[in-house]
Amino acid sequence: MRITRVTAAAVCTAAAVAVAGCGSDTAEEHHVHEGSDAHGVIEPLSPQQIDADDTAITAMQMILSWQPAIDESKADALVRATPYLGGDLLTVAESGSRADVRPDADWQQWAAAKDAVTAVCAHSDTTPAAPAGMRTVVIDVICTQTVLHASGRSTRLTPQLWRTTTVRTDDGWRLTDYRFQQ
């Protein structure tokens with residue numbers, strides 16, 4: 001196989017043009033690329049650094065977010081919320097007991113379809129006023145769960161009101177109880 005001078009010159013010229021087009025010394029053309037496709041997990045706020053409201057909201061979002069195809073029961077979500085829990089609720093989460101957890105009516109269907117359920121919670125105006133300096137605070141949160149279907153669709157469920165109890169510890173606020181209100 002014989003390479004002619006014309007072919008070699010053409011290849012060298014094309015390579016030179018390509019290399020010249022890739023670089024520039026002007027400040028305007030320096031681009032800073034930030035971001036990643038590493039799919040890193042966004043860590044929730046540290047329980048030592050948030051107030052009673054944020055503790056109740058963060059814990060309830062974790063407790064009401066489920067992965068039925070992976071989780072054995074809703075108790076797995078309670079275990080994920082352990083850093084934000086205290087008192088008897090922490091004891092239950094650490095015990096590993098799933099006997100007292102009532103399964104959701106749609107759990108098996110969601111598991112079979114590989115759906116996930118995510119919750120978003122916010123402070124509710126129905127929260128009773130608490131005097132300043134209280135170590136135990138009752139906070140109402142309104143939580144909306146959304147079923148994220150494996151097909152890419154989503155179904156928003158009816159918002160629910162939960163009454164929570166948070167207690168200030170030496171290590172920050174902890175959720176110690178929650179009750180469905182409506």
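Let's start with the charged pairs: the count comes to 4 salt bridges, where a salt bridge is a side-chain nitrogen of Lys or Arg within 4 Å of a carboxyl oxygen of Asp or Glu. Before I go through some of them, a word on what you're looking at. This is a predicted model, in which local features need pLDDT of at least 70 and side-chain atom pairs count only at pLDDT 80 or more, while totals for chains, interfaces and linings use all residues. Residues are numbered from 1 along each chain as its sequence is written, and side-chain values use heavy atoms, with hydrogens and water left out.

Back to the salt bridges. One of them joins the side chains of Arg80 and Asp71, at 2.8 Å from N to O. I'll be saying "buried" quite a bit, so here is the scale: buried means under 20% relative accessible area, exposed means over 50%, and partly exposed is in between, with a 1.4 Å probe and protein chains only. Asp71 is buried, at 7% relative accessible area, and Arg80 is partly exposed, at 31%.

Another salt bridge brings Asp171 and Arg174 together, at 3.3 Å from N to O. Here Arg174 is buried at 8%, and Asp171 is partly exposed at 41%. Then there is Arg179 with Asp177, at 3.6 Å from N to O. Arg179 counts as exposed at 52% relative accessibility, and Asp177 is partly exposed at 26%.

Helices (H or I, at least four residues) and strands (E, at least two) are DSSP runs, numbered from the N terminus, and two strands pair if DSSP finds at least two bridges between them. Strand 4 pairs with strand 5 in the antiparallel sense, over 8 bridges, and a hairpin of 2 residues joins them. Which residue of strand 5 is the bridge partner of Val167? That is Arg174. Strand 4 also runs antiparallel to strand 2, joined by 8 bridges, and there Val167 is the bridge partner of Thr136.

While we're in strand 2, have a look at Thr146, which has its place there. Thr146 counts as buried, at 19% relative accessibility. Leaving out residues up to four places away in sequence, Thr146 touches Ala116, Val117, Thr118, Ser154, Thr155 and Arg156; contact means heavy atoms within 4.5 Å.

A search of the whole structure finds 1 disulfide, meaning a pair of cysteine sulfur atoms within 2.5 Å. Cys121 and Cys143 form it, with their sulfur atoms 2.2 Å apart. Cys121 sits in strand 1 (residues 116–123) and Cys143 in strand 2 (residues 136–148), so the link spans distant parts of the chain, 22 residues apart. Both cysteines are buried, and the link is right-handed, with 110° about the S-S bond.

Last topic: the aromatics. The whole structure has 4 aromatic pairs. Rings of Phe, Tyr and Trp (its six-membered ring) pair if their centres lie within 6.5 Å; planes under 30 degrees apart count as stacked, over 60 as edge-to-face and the rest as tilted. Trp66 and Trp107 have ring centres 5.9 Å apart and planes at 55°, so that pair is tilted. Both Trp66 and Trp107 are buried, and ring pairs link these two and Trp110 into a cluster.

Trp162 and Phe180 make an edge-to-face pair, because their planes are at 70°, with centres 5.4 Å apart. Trp162 lies in strand 4 and Phe180 in strand 5, so the pair ties together parts 18 residues apart in sequence. Is Trp162 buried or exposed? Trp162 is buried at 11%, whereas Phe180 is partly exposed at 47%.
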